[in-house]
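I opened this entry to keep track of what I looked up.

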Amino acid sequence: MKTLLTRLPAWKALRAHHKKMRLLHLRDLFVADPDRGRRFAFEAAGLYFDYSKHRITVETFKHLFALARECGLRKKINDMFSGRKINITENRPALHVALRAPEGQRILAFGRDVVPEVHRVLRKMADFSDRIRCGKWKGHTGKRIRNIVNIGIGGSDLGPVMAYEALRYYSERNMNFRFVSNVDAADFAEATIDLDQEETLFIVSSKTFTTHETMMNAKTARQWILRKLKNREAVARHFVAVSTNQPGVAAFGIDPANMFELWDWVGGRYSMDSAIGLSTMVAIGHENFYRLLSGFHAMDEHFRTAPFRRNMPVIMGLLTVWYNNFFGFRTTAVLPYSRHLRLFPSYLQQLTMESNGKYVTIDGDRVNYETGPVLWGEPGTNGQHSFYQLIHQGTKIIPCDFIGFCRSLHSSVTHHNTLMANLFAQSEALASGKTFKEVIAEGTPGWLAPHRVFEGNRPSTTILADRLTPETLGKLVALYEHSVFTQGVIWHINCFDQWGVELGKALAKRIGNELENASSPRLTHDSSTNELIRRYRRLR
(Lines give C-alpha, C1' and ligand atoms only; values in the text may rest on other atoms or scores of the structure.)
Protein backbone atom coordinates (compact mmCIF):
# COMPACT_ATOMS: atom_id res chain seq x y z
CA MET A 1 0.00 0.00 0.00
CA LYS A 2 1.43 3.32 -1.09
CA THR A 3 1.54 6.08 1.53
CA LEU A 4 3.02 9.51 1.02
CA LEU A 5 5.43 10.01 3.90
CA THR A 6 4.96 13.76 4.15
CA ARG A 7 1.21 13.35 4.58
CA LEU A 8 1.45 11.09 7.62
CA PRO A 9 0.07 12.64 10.85
CA ALA A 10 3.36 12.08 12.69
CA TRP A 11 5.34 13.78 9.91
CA LYS A 12 3.08 16.82 10.12
CA ALA A 13 3.41 16.82 13.90
CA LEU A 14 7.18 16.72 13.63
CA ARG A 15 7.18 19.62 11.19
CA ALA A 16 5.20 21.70 13.67
CA HIS A 17 7.34 20.51 16.58
CA HIS A 18 10.51 21.49 14.75
CA LYS A 19 9.42 25.13 14.65
CA LYS A 20 9.62 25.14 18.43
CA MET A 21 12.74 23.00 18.77
CA ARG A 22 14.88 25.00 16.35
CA LEU A 23 14.73 27.95 18.78
CA LEU A 24 15.89 25.94 21.82
CA HIS A 25 19.54 25.64 22.82
CA LEU A 26 21.07 22.50 24.29
CA ARG A 27 22.62 24.63 27.01
CA ASP A 28 19.15 25.64 28.17
CA LEU A 29 17.79 22.10 27.89
CA PHE A 30 20.47 20.85 30.28
CA VAL A 31 19.80 23.69 32.72
CA ALA A 32 16.05 22.99 32.64
CA ASP A 33 16.57 19.26 33.29
CA PRO A 34 19.61 18.51 35.51
CA ASP A 35 18.92 14.78 35.06
CA ARG A 36 18.95 14.98 31.26
CA GLY A 37 22.29 13.16 30.98
CA ARG A 38 20.71 10.07 32.52
CA ARG A 39 17.22 10.47 31.12
CA PHE A 40 18.43 10.30 27.52
CA ALA A 41 21.00 7.52 27.92
CA PHE A 42 20.88 3.77 28.45
CA GLU A 43 22.94 0.61 28.16
CA ALA A 44 22.06 -2.33 25.93
CA ALA A 45 23.99 -5.26 24.44
CA GLY A 46 27.12 -4.06 26.21
CA LEU A 47 27.12 -0.55 24.71
CA TYR A 48 26.33 2.68 26.54
CA PHE A 49 24.35 5.06 24.36
CA ASP A 50 24.16 8.73 25.37
CA TYR A 51 21.88 10.78 23.14
CA SER A 52 21.23 13.57 25.63
CA LYS A 53 23.26 16.07 23.59
CA HIS A 54 20.67 16.09 20.82
CA ARG A 55 18.11 18.75 20.08
CA ILE A 56 15.26 16.63 21.36
CA THR A 57 12.77 16.40 24.19
CA VAL A 58 10.39 13.69 25.35
CA GLU A 59 7.83 15.20 22.98
CA THR A 60 10.24 14.86 20.05
CA PHE A 61 10.43 11.14 20.55
CA LYS A 62 6.71 10.83 21.05
CA HIS A 63 6.35 12.06 17.46
CA LEU A 64 9.35 10.09 16.11
CA PHE A 65 8.08 6.82 17.59
CA ALA A 66 4.63 7.58 16.16
CA LEU A 67 6.28 8.04 12.76
CA ALA A 68 8.02 4.68 13.12
CA ARG A 69 4.70 3.02 13.90
CA GLU A 70 2.91 4.74 11.02
CA CYS A 71 5.67 3.57 8.65
CA GLY A 72 5.32 -0.03 9.88
CA LEU A 73 8.83 -0.33 11.29
CA ARG A 74 8.05 -3.19 13.65
CA LYS A 75 6.54 -5.26 10.83
CA LYS A 76 9.48 -4.50 8.55
CA ILE A 77 11.90 -5.65 11.26
CA ASN A 78 9.96 -8.89 11.63
CA ASP A 79 9.86 -9.31 7.85
CA MET A 80 13.63 -9.02 7.62
CA PHE A 81 14.33 -11.49 10.41
CA SER A 82 11.79 -13.99 9.05
CA GLY A 83 13.35 -14.08 5.59
CA ARG A 84 10.68 -12.27 3.58
CA LYS A 85 11.79 -10.85 0.25
CA ILE A 86 12.27 -7.29 1.44
CA ASN A 87 14.83 -6.62 -1.31
CA ILE A 88 12.02 -6.26 -3.79
CA THR A 89 13.98 -5.06 -6.85
CA GLU A 90 16.09 -8.24 -6.73
CA ASN A 91 13.28 -10.46 -5.41
CA ARG A 92 15.17 -11.88 -2.47
CA PRO A 93 15.55 -11.60 1.31
CA ALA A 94 18.20 -9.53 3.06
CA LEU A 95 19.33 -12.06 5.62
CA HIS A 96 22.69 -10.86 6.92
CA VAL A 97 21.27 -11.59 10.39
CA ALA A 98 21.41 -15.31 9.50
CA LEU A 99 25.20 -15.08 9.12
CA ARG A 100 25.58 -14.66 12.87
CA ALA A 101 22.63 -16.73 14.08
CA PRO A 102 23.66 -19.47 16.54
CA GLU A 103 23.23 -23.09 15.61
CA GLY A 104 19.72 -24.23 16.34
CA GLN A 105 18.07 -20.95 15.44
CA ARG A 106 15.79 -21.36 12.45
CA ILE A 107 15.75 -18.68 9.71
CA LEU A 108 14.11 -19.35 6.36
CA ALA A 109 15.08 -18.10 2.92
CA PHE A 110 12.97 -19.30 -0.01
CA GLY A 111 11.37 -21.80 2.38
CA ARG A 112 14.67 -23.38 3.46
CA ASP A 113 16.41 -23.05 6.82
CA VAL A 114 19.73 -21.37 5.98
CA VAL A 115 21.37 -21.51 9.41
CA PRO A 116 22.79 -25.04 8.92
CA GLU A 117 24.37 -23.92 5.62
CA VAL A 118 25.93 -20.90 7.34
CA HIS A 119 27.50 -23.06 10.02
CA ARG A 120 28.74 -25.63 7.50
CA VAL A 121 30.70 -22.85 5.76
CA LEU A 122 31.89 -21.45 9.10
CA ARG A 123 33.29 -24.87 10.05
CA LYS A 124 35.02 -25.11 6.68
CA MET A 125 36.49 -21.62 7.22
CA ALA A 126 37.63 -22.56 10.72
CA ASP A 127 39.38 -25.72 9.51
CA PHE A 128 41.13 -23.79 6.73
CA SER A 129 42.21 -20.90 8.95
CA ASP A 130 43.54 -23.31 11.57
CA ARG A 131 45.63 -25.12 8.94
CA ILE A 132 47.07 -21.82 7.70
CA ARG A 133 47.82 -20.52 11.19
CA CYS A 134 49.52 -23.71 12.42
CA GLY A 135 51.50 -24.22 9.20
CA LYS A 136 49.85 -27.42 7.96
CA TRP A 137 48.83 -25.72 4.71
CA LYS A 138 51.97 -25.43 2.63
CA GLY A 139 52.69 -23.56 -0.57
CA HIS A 140 53.66 -25.29 -3.82
CA THR A 141 57.32 -25.61 -2.83
CA GLY A 142 56.55 -26.83 0.69
CA LYS A 143 57.10 -23.52 2.45
CA ARG A 144 54.73 -22.30 5.15
CA ILE A 145 52.23 -19.57 4.19
CA ARG A 146 53.14 -16.33 5.95
CA ASN A 147 51.37 -13.76 3.75
CA ILE A 148 47.64 -13.48 3.11
CA VAL A 149 46.44 -11.09 0.39
CA ASN A 150 42.70 -10.49 0.11
CA ILE A 151 41.59 -9.43 -3.37
CA GLY A 152 38.12 -7.88 -3.55
CA ILE A 153 36.36 -4.57 -3.95
CA GLY A 154 33.46 -2.82 -2.24
CA GLY A 155 32.05 -4.98 0.53
CA SER A 156 34.54 -7.74 -0.33
CA ASP A 157 37.36 -5.39 0.65
CA LEU A 158 36.03 -2.69 2.98
CA GLY A 159 34.71 -5.15 5.56
CA PRO A 160 37.80 -7.38 5.78
CA VAL A 161 40.33 -4.54 5.82
CA MET A 162 38.32 -2.58 8.40
CA ALA A 163 37.94 -5.66 10.60
CA TYR A 164 41.64 -6.49 10.34
CA GLU A 165 42.65 -2.98 11.37
CA ALA A 166 40.06 -2.91 14.15
CA LEU A 167 41.12 -6.29 15.55
CA ARG A 168 44.84 -6.19 14.76
CA TYR A 169 45.54 -6.42 18.50
CA TYR A 170 44.15 -9.99 18.34
CA SER A 171 45.86 -10.95 15.07
CA GLU A 172 48.64 -13.42 14.35
CA ARG A 173 51.70 -11.17 14.37
CA ASN A 174 53.97 -13.64 12.56
CA MET A 175 51.89 -13.25 9.41
CA ASN A 176 51.35 -10.38 6.99
CA PHE A 177 47.87 -9.39 5.85
CA ARG A 178 47.42 -7.20 2.80
CA PHE A 179 44.37 -6.02 0.88
CA VAL A 180 44.10 -5.25 -2.83
CA SER A 181 41.00 -3.61 -4.29
CA ASN A 182 41.90 -0.76 -6.60
CA VAL A 183 42.40 -1.53 -10.28
CA ASP A 184 45.25 0.98 -10.18
CA ALA A 185 48.33 -1.23 -10.70
CA ALA A 186 50.04 0.54 -7.80
CA ASP A 187 47.65 -1.14 -5.35
CA PHE A 188 48.80 -4.65 -6.24
CA ALA A 189 52.44 -3.65 -6.68
CA GLU A 190 52.69 -2.00 -3.27
CA ALA A 191 50.81 -4.81 -1.51
CA THR A 192 53.21 -7.47 -2.81
CA ILE A 193 56.50 -5.59 -3.21
CA ASP A 194 58.15 -7.21 -0.18
CA LEU A 195 56.42 -10.60 -0.29
CA ASP A 196 57.79 -13.99 -1.34
CA GLN A 197 55.57 -15.87 -3.79
CA GLU A 198 56.40 -19.19 -2.12
CA GLU A 199 54.92 -17.94 1.17
CA THR A 200 51.90 -16.01 -0.17
CA LEU A 201 48.26 -17.07 -0.47
CA PHE A 202 45.58 -15.02 -2.21
CA ILE A 203 41.91 -14.99 -1.20
CA VAL A 204 39.89 -13.92 -4.25
CA SER A 205 36.55 -12.60 -3.02
CA SER A 206 33.88 -12.16 -5.69
CA LYS A 207 30.37 -13.53 -5.46
CA THR A 208 30.06 -13.90 -9.24
CA PHE A 209 33.78 -14.35 -9.90
CA THR A 210 33.32 -11.86 -12.73
CA THR A 211 33.76 -8.52 -10.92
CA HIS A 212 35.99 -6.61 -13.31
CA GLU A 213 38.40 -5.00 -10.86
CA THR A 214 38.72 -8.11 -8.70
CA MET A 215 39.34 -10.47 -11.59
CA MET A 216 41.89 -8.14 -13.18
CA ASN A 217 43.83 -8.07 -9.90
CA ALA A 218 43.40 -11.84 -9.47
CA LYS A 219 44.87 -12.49 -12.92
CA THR A 220 47.78 -10.18 -12.11
CA ALA A 221 48.29 -12.13 -8.88
CA ARG A 222 48.31 -15.41 -10.80
CA GLN A 223 50.95 -14.04 -13.18
CA TRP A 224 52.96 -12.85 -10.17
CA ILE A 225 52.88 -16.34 -8.61
CA LEU A 226 53.74 -18.14 -11.85
CA ARG A 227 56.58 -15.73 -12.63
CA LYS A 228 58.56 -17.46 -9.88
CA LEU A 229 56.90 -20.82 -9.40
CA LYS A 230 56.48 -21.55 -13.15
CA ASN A 231 54.09 -24.52 -12.69
CA ARG A 232 50.34 -23.83 -13.17
CA GLU A 233 49.64 -26.45 -10.51
CA ALA A 234 51.01 -23.92 -8.03
CA VAL A 235 47.84 -21.85 -8.42
CA ALA A 236 45.83 -24.38 -6.42
CA ARG A 237 48.20 -24.04 -3.44
CA HIS A 238 48.36 -20.26 -3.50
CA PHE A 239 44.75 -19.27 -4.22
CA VAL A 240 41.38 -19.87 -2.60
CA ALA A 241 38.07 -18.27 -3.55
CA VAL A 242 35.02 -16.80 -1.85
CA SER A 243 32.33 -17.11 -4.50
CA THR A 244 29.18 -18.78 -5.80
CA ASN A 245 30.63 -19.47 -9.27
CA GLN A 246 32.25 -22.91 -9.03
CA PRO A 247 32.91 -23.28 -12.80
CA GLY A 248 34.59 -19.86 -12.90
CA VAL A 249 36.68 -20.70 -9.84
CA ALA A 250 37.81 -24.01 -11.35
CA ALA A 251 38.63 -22.38 -14.71
CA PHE A 252 40.88 -19.92 -12.89
CA GLY A 253 42.87 -22.83 -11.46
CA ILE A 254 41.50 -22.89 -7.93
CA ASP A 255 40.44 -26.25 -6.51
CA PRO A 256 36.63 -26.03 -6.01
CA ALA A 257 37.19 -27.76 -2.66
CA ASN A 258 38.84 -24.49 -1.61
CA MET A 259 35.88 -22.32 -2.59
CA PHE A 260 33.96 -20.83 0.31
CA GLU A 261 30.33 -20.20 -0.48
CA LEU A 262 28.19 -17.08 -0.41
CA TRP A 263 24.48 -16.70 -0.93
CA ASP A 264 22.31 -14.35 -2.96
CA TRP A 265 20.51 -13.24 0.18
CA VAL A 266 23.68 -11.51 1.45
CA GLY A 267 24.54 -8.09 0.03
CA GLY A 268 28.22 -7.21 -0.33
CA ARG A 269 28.18 -4.38 2.21
CA TYR A 270 26.51 -6.70 4.74
CA SER A 271 28.89 -9.62 4.20
CA MET A 272 31.97 -9.08 6.41
CA ASP A 273 30.73 -11.81 8.78
CA SER A 274 30.28 -14.34 5.95
CA ALA A 275 33.05 -16.16 4.07
CA ILE A 276 34.08 -12.68 2.90
CA GLY A 277 35.60 -12.49 6.38
CA LEU A 278 37.93 -15.44 5.70
CA SER A 279 41.02 -13.22 5.89
CA THR A 280 39.70 -11.86 9.19
CA MET A 281 39.34 -15.38 10.57
CA VAL A 282 42.86 -16.32 9.47
CA ALA A 283 44.18 -13.16 11.14
CA ILE A 284 42.42 -13.43 14.50
CA GLY A 285 41.62 -17.15 14.70
CA HIS A 286 38.28 -18.88 14.50
CA GLU A 287 37.54 -18.48 18.23
CA ASN A 288 37.77 -14.70 17.99
CA PHE A 289 35.78 -14.72 14.75
CA TYR A 290 32.98 -16.55 16.56
CA ARG A 291 33.16 -13.88 19.26
CA LEU A 292 32.73 -11.28 16.51
CA LEU A 293 29.61 -13.12 15.35
CA SER A 294 28.22 -13.27 18.89
CA GLY A 295 28.53 -9.49 19.10
CA PHE A 296 26.60 -9.08 15.87
CA HIS A 297 23.91 -11.43 17.16
CA ALA A 298 23.59 -9.63 20.49
CA MET A 299 22.79 -6.36 18.70
CA ASP A 300 20.48 -8.19 16.27
CA GLU A 301 18.44 -9.52 19.17
CA HIS A 302 18.36 -6.13 20.84
CA PHE A 303 17.07 -4.53 17.63
CA ARG A 304 14.53 -7.29 17.08
CA THR A 305 13.08 -7.38 20.58
CA ALA A 306 13.63 -4.09 22.43
CA PRO A 307 10.80 -1.54 22.59
CA PHE A 308 11.47 1.50 20.45
CA ARG A 309 11.99 3.77 23.47
CA ARG A 310 15.00 1.63 24.50
CA ASN A 311 16.10 0.46 21.06
CA MET A 312 19.54 1.79 20.13
CA PRO A 313 19.43 1.35 16.33
CA VAL A 314 15.87 2.67 16.16
CA ILE A 315 16.72 5.81 18.13
CA MET A 316 19.89 6.36 16.11
CA GLY A 317 17.99 5.97 12.84
CA LEU A 318 15.16 8.26 13.91
CA LEU A 319 17.63 10.94 14.99
CA THR A 320 19.10 10.84 11.49
CA VAL A 321 15.64 11.34 10.01
CA TRP A 322 14.95 14.19 12.48
CA TYR A 323 18.04 16.13 11.42
CA ASN A 324 18.08 15.20 7.75
CA ASN A 325 14.44 15.94 7.04
CA PHE A 326 13.44 18.65 9.49
CA PHE A 327 16.61 20.59 10.32
CA GLY A 328 18.24 20.12 6.92
CA PHE A 329 21.49 18.74 8.39
CA ARG A 330 22.64 16.56 5.51
CA THR A 331 25.90 15.04 6.75
CA THR A 332 26.91 12.91 9.72
CA ALA A 333 30.43 12.54 11.14
CA VAL A 334 31.55 9.32 12.82
CA LEU A 335 34.48 10.04 15.11
CA PRO A 336 35.99 6.97 16.79
CA TYR A 337 38.50 7.76 19.51
CA SER A 338 40.51 4.67 18.67
CA ARG A 339 43.35 4.26 16.23
CA HIS A 340 42.17 0.70 15.60
CA LEU A 341 38.86 2.04 14.25
CA ARG A 342 40.51 4.38 11.77
CA LEU A 343 38.80 2.63 8.81
CA PHE A 344 35.41 2.34 10.51
CA PRO A 345 34.06 5.59 8.97
CA SER A 346 35.20 4.43 5.51
CA TYR A 347 33.37 1.15 6.03
CA LEU A 348 30.24 2.98 7.16
CA GLN A 349 30.34 5.23 4.09
CA GLN A 350 29.48 2.28 1.87
CA LEU A 351 26.99 0.82 4.34
CA THR A 352 25.14 4.13 4.66
CA MET A 353 25.39 5.76 1.26
CA GLU A 354 25.09 2.67 -0.93
CA SER A 355 22.08 1.57 1.10
CA ASN A 356 20.17 4.84 1.38
CA GLY A 357 21.49 6.93 -1.48
CA LYS A 358 18.20 6.52 -3.38
CA TYR A 359 15.72 8.97 -4.87
CA VAL A 360 13.10 6.37 -5.80
CA THR A 361 10.75 4.73 -3.30
CA ILE A 362 9.97 1.03 -3.14
CA ASP A 363 6.89 1.86 -5.24
CA GLY A 364 9.02 3.40 -7.98
CA ASP A 365 8.02 7.00 -7.24
CA ARG A 366 10.47 9.86 -6.92
CA VAL A 367 10.71 11.06 -3.31
CA ASN A 368 9.74 14.60 -2.36
CA TYR A 369 12.00 14.64 0.71
CA GLU A 370 15.68 14.09 1.50
CA THR A 371 16.98 10.54 1.92
CA GLY A 372 20.44 9.29 2.92
CA PRO A 373 22.87 11.80 4.42
CA VAL A 374 26.55 11.96 3.56
CA LEU A 375 28.62 10.07 6.15
CA TRP A 376 32.31 10.66 6.80
CA GLY A 377 34.79 10.74 9.63
CA GLU A 378 38.28 10.32 11.03
CA PRO A 379 39.66 9.08 14.33
CA GLY A 380 40.15 11.44 17.23
CA THR A 381 42.36 13.13 18.16
CA ASN A 382 43.69 13.54 14.61
CA GLY A 383 40.47 15.10 13.34
CA GLN A 384 40.62 17.77 16.05
CA HIS A 385 43.59 19.28 14.23
CA SER A 386 41.92 18.96 10.86
CA PHE A 387 38.19 19.53 10.32
CA TYR A 388 36.82 20.12 13.83
CA GLN A 389 37.15 23.85 13.25
CA LEU A 390 34.27 23.63 10.77
CA ILE A 391 32.23 21.40 13.10
CA HIS A 392 32.58 23.91 15.94
CA GLN A 393 32.38 27.27 14.17
CA GLY A 394 31.40 26.58 10.58
CA THR A 395 28.07 27.51 9.01
CA LYS A 396 27.09 23.85 8.51
CA ILE A 397 25.67 21.88 11.42
CA ILE A 398 27.06 18.32 11.41
CA PRO A 399 25.63 15.81 13.91
CA CYS A 400 28.47 13.66 15.27
CA ASP A 401 28.81 10.14 16.63
CA PHE A 402 31.65 9.85 19.14
CA ILE A 403 32.82 6.29 19.86
CA GLY A 404 35.11 5.53 22.78
CA PHE A 405 36.31 2.77 25.09
CA CYS A 406 36.68 2.89 28.86
CA ARG A 407 39.74 0.63 28.84
CA SER A 408 42.64 0.68 26.41
CA LEU A 409 44.01 -2.42 24.71
CA HIS A 410 47.46 -1.07 25.47
CA SER A 411 49.21 -0.31 28.72
CA SER A 412 49.44 3.48 28.98
CA VAL A 413 46.68 4.75 31.24
CA THR A 414 47.96 8.31 30.81
CA HIS A 415 47.58 8.16 27.03
CA HIS A 416 44.09 6.70 27.32
CA ASN A 417 42.95 9.23 29.90
CA THR A 418 44.09 12.01 27.56
CA LEU A 419 42.34 10.41 24.60
CA MET A 420 39.04 10.05 26.44
CA ALA A 421 39.29 13.51 27.99
CA ASN A 422 39.37 14.86 24.44
CA LEU A 423 36.32 12.84 23.43
CA PHE A 424 34.24 14.06 26.38
CA ALA A 425 35.47 17.63 25.91
CA GLN A 426 34.56 17.74 22.23
CA SER A 427 30.98 16.58 22.79
CA GLU A 428 30.56 19.07 25.64
CA ALA A 429 32.00 21.94 23.59
CA LEU A 430 29.76 21.15 20.63
CA ALA A 431 26.67 21.13 22.84
CA SER A 432 27.32 24.04 25.18
CA GLY A 433 29.70 26.27 23.25
CA LYS A 434 30.99 29.48 24.81
CA THR A 435 29.05 32.75 24.88
CA PHE A 436 30.33 36.24 24.14
CA LYS A 437 29.89 37.12 27.81
CA GLU A 438 32.00 34.14 28.88
CA VAL A 439 34.72 35.04 26.41
CA ILE A 440 34.87 38.65 27.67
CA ALA A 441 34.94 37.42 31.28
CA GLU A 442 38.12 35.52 30.44
CA GLY A 443 39.79 38.82 29.60
CA THR A 444 39.59 38.58 25.83
CA PRO A 445 39.68 42.01 24.08
CA GLY A 446 36.34 43.00 22.60
CA TRP A 447 37.67 43.07 19.04
CA LEU A 448 38.88 39.45 19.40
CA ALA A 449 35.88 38.10 21.31
CA PRO A 450 33.63 37.29 18.28
CA HIS A 451 36.35 35.01 16.90
CA ARG A 452 36.44 33.04 20.14
CA VAL A 453 32.70 32.58 20.59
CA PHE A 454 31.32 29.06 20.10
CA GLU A 455 27.60 29.04 19.37
CA GLY A 456 27.24 25.41 20.48
CA ASN A 457 23.87 23.70 20.06
CA ARG A 458 25.57 21.19 17.78
CA PRO A 459 24.24 17.68 18.36
CA SER A 460 26.20 14.52 19.08
CA THR A 461 25.81 10.95 20.27
CA THR A 462 28.40 9.29 22.50
CA ILE A 463 28.77 5.51 22.35
CA LEU A 464 30.93 3.89 25.01
CA ALA A 465 32.07 0.30 25.41
CA ASP A 466 34.37 -1.37 27.89
CA ARG A 467 37.14 -2.37 25.43
CA LEU A 468 37.49 -2.89 21.68
CA THR A 469 36.98 -6.65 21.49
CA PRO A 470 35.72 -8.81 18.61
CA GLU A 471 32.28 -8.82 20.28
CA THR A 472 32.28 -5.03 20.54
CA LEU A 473 33.15 -4.60 16.87
CA GLY A 474 30.27 -6.89 15.89
CA LYS A 475 27.87 -4.88 18.05
CA LEU A 476 29.00 -1.58 16.55
CA VAL A 477 28.67 -2.76 12.95
CA ALA A 478 25.22 -4.25 13.59
CA LEU A 479 24.14 -1.06 15.35
CA TYR A 480 24.81 0.96 12.21
CA GLU A 481 23.36 -1.71 9.91
CA HIS A 482 20.05 -1.60 11.73
CA SER A 483 20.08 2.19 12.03
CA VAL A 484 20.45 2.38 8.25
CA PHE A 485 17.54 -0.06 7.86
CA THR A 486 15.39 2.04 10.21
CA GLN A 487 16.08 5.12 8.09
CA GLY A 488 15.25 3.24 4.90
CA VAL A 489 11.92 2.05 6.28
CA ILE A 490 10.95 5.61 7.19
CA TRP A 491 11.98 6.91 3.77
CA HIS A 492 10.23 3.98 2.05
CA ILE A 493 13.30 3.02 0.03
CA ASN A 494 15.09 -0.28 -0.58
CA CYS A 495 18.28 -0.43 1.52
CA PHE A 496 19.52 -3.61 -0.13
CA ASP A 497 20.02 -2.89 -3.84
CA GLN A 498 22.59 -0.63 -5.50
CA TRP A 499 21.54 0.00 -9.07
CA GLY A 500 23.33 3.34 -8.92
CA VAL A 501 26.70 1.66 -9.40
CA GLU A 502 25.72 -0.09 -12.63
CA LEU A 503 25.72 2.71 -15.20
CA GLY A 504 29.27 3.79 -14.50
CA LYS A 505 30.45 0.17 -14.69
CA ALA A 506 28.76 -0.36 -18.06
CA LEU A 507 30.22 2.85 -19.49
CA ALA A 508 33.67 2.01 -18.14
CA LYS A 509 33.62 -1.31 -19.99
CA ARG A 510 32.71 0.43 -23.24
CA ILE A 511 35.30 3.19 -22.77
CA GLY A 512 37.93 0.62 -21.80
CA ASN A 513 37.53 -1.03 -25.19
CA GLU A 514 37.86 2.37 -26.84
CA LEU A 515 41.06 3.11 -24.94
CA GLU A 516 42.56 -0.24 -25.85
CA ASN A 517 41.66 0.11 -29.53
CA ALA A 518 42.60 3.53 -30.87
CA SER A 519 41.07 2.62 -34.24
CA SER A 520 37.68 1.87 -32.68
CA PRO A 521 34.58 3.32 -34.36
CA ARG A 522 33.65 6.96 -34.04
CA LEU A 523 33.33 8.10 -30.44
CA THR A 524 29.72 8.83 -29.53
CA HIS A 525 29.99 10.17 -25.98
CA ASP A 526 29.40 13.79 -25.00
CA SER A 527 32.04 16.19 -26.31
CA SER A 528 33.87 16.36 -22.98
CA THR A 529 34.24 12.58 -22.68
CA ASN A 530 35.24 12.26 -26.33
CA GLU A 531 38.01 14.83 -25.88
CA LEU A 532 39.25 13.19 -22.69
CA ILE A 533 39.50 9.83 -24.48
CA ARG A 534 41.37 11.38 -27.42
CA ARG A 535 43.79 13.18 -25.10
CA TYR A 536 44.49 10.00 -23.15
CA ARG A 537 45.16 8.10 -26.38
CA ARG A 538 47.65 10.74 -27.49
CA LEU A 539 49.55 10.97 -24.21
CA ARG A 540 49.64 7.39 -23.00
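**Helix 1 and its buried side**

I listed the buried residues of helix 1 and got A10, W11, L14, H17, H18 and M21. The model is a predicted one, and I read every value with that in mind. I then looked down the axis of helix 1: the buried residues fall within an arc of 120°, so they line one face of the helix.

What do the buried residues of helix 1 pack against? I found helix 4 (58-70) and helix 14 (312-327). On the face turned away from the buried side I noted the exposed residues P9 and K19.

I also checked the length of helix 1. Residues 9-21 make 13 residues, and the span from first C-alpha to last is 18 Å. That is close to the 18 Å expected at 1.5 Å a residue.

**Charged pairs**

Side chains of opposite charge can pair when their charged atoms come close. I picked out three of them to follow up.

I took R100 and D300 to start. Their side chains meet in a salt bridge at 2.7 Å, N to O. R100 sits in the loop between helix 5 (73-81) and strand 3 (108-109), while D300 belongs to helix 13 (residues 286-305), so the pair ties together parts that are 200 residues apart in sequence. Are these two residues buried or exposed? R100 has 3% relative accessibility and counts as buried. D300 is at 0% and is buried as well.

I moved on to R269 and E354. The closest N and O atoms of this salt bridge are 2.9 Å apart. R269 is in the loop between strand 9 (259-261) and helix 12 (278-284), and E354 is in helix 15 (residues 344-356), so this pair links parts that are 85 residues apart in sequence. R269 is buried at 2% relative accessible area, whereas E354 is partly exposed at 22%. I also traced shared partners: salt bridges join R100, D273, D300 and E481 into one network.

My last pair was R92 and E90, a salt bridge at 3.4 Å, N to O. E90 counts as partly exposed, with 22% relative accessibility.

Most residues other than glycine have a negative phi, and most peptide bonds are trans.

F110 is not a glycine, yet I read a positive phi of about 55° there. F110 lies in the loop between strand 3 and strand 4 (112-113). Its relative accessible area is 47%, so F110 is partly exposed.

K230 also has a positive phi, about 65°, and is not a glycine. I placed K230 in the loop between helix 9 (212-229) and helix 10 (235-238). K230 counts as exposed, at 64% relative accessibility.

Where did I find a cis peptide bond? The bond from G380 to T381 is cis, with omega near 10°. T381 is in the loop between strand 11 (374-377) and helix 16 (388-393).

**One serine**

S156 is buried, with a relative accessible area of 11%. Neighbours within four places in sequence aside, I logged contacts from S156 to N150, S205 and I276.

Note on methods:
Residues numbered from 1 in each chain as written. Predicted model: local features only at pLDDT ≥ 70, side-chain atom pairs only at ≥ 80, totals over all residues. Heavy atoms only, no water. Salt bridge = Lys/Arg side-chain N within 4 Å of Asp/Glu carboxyl O. Buried < 20%, exposed > 50% of the residue type's maximum accessible area, 1.4 Å probe, protein only. Helix = DSSP H or I, 4+ residues; strand = E, 2+ residues; numbered from the N terminus. Contact = heavy atoms within 4.5 Å. Expected span 1.5 Å × (residues − 1). Arc of directions from axis to C-beta.
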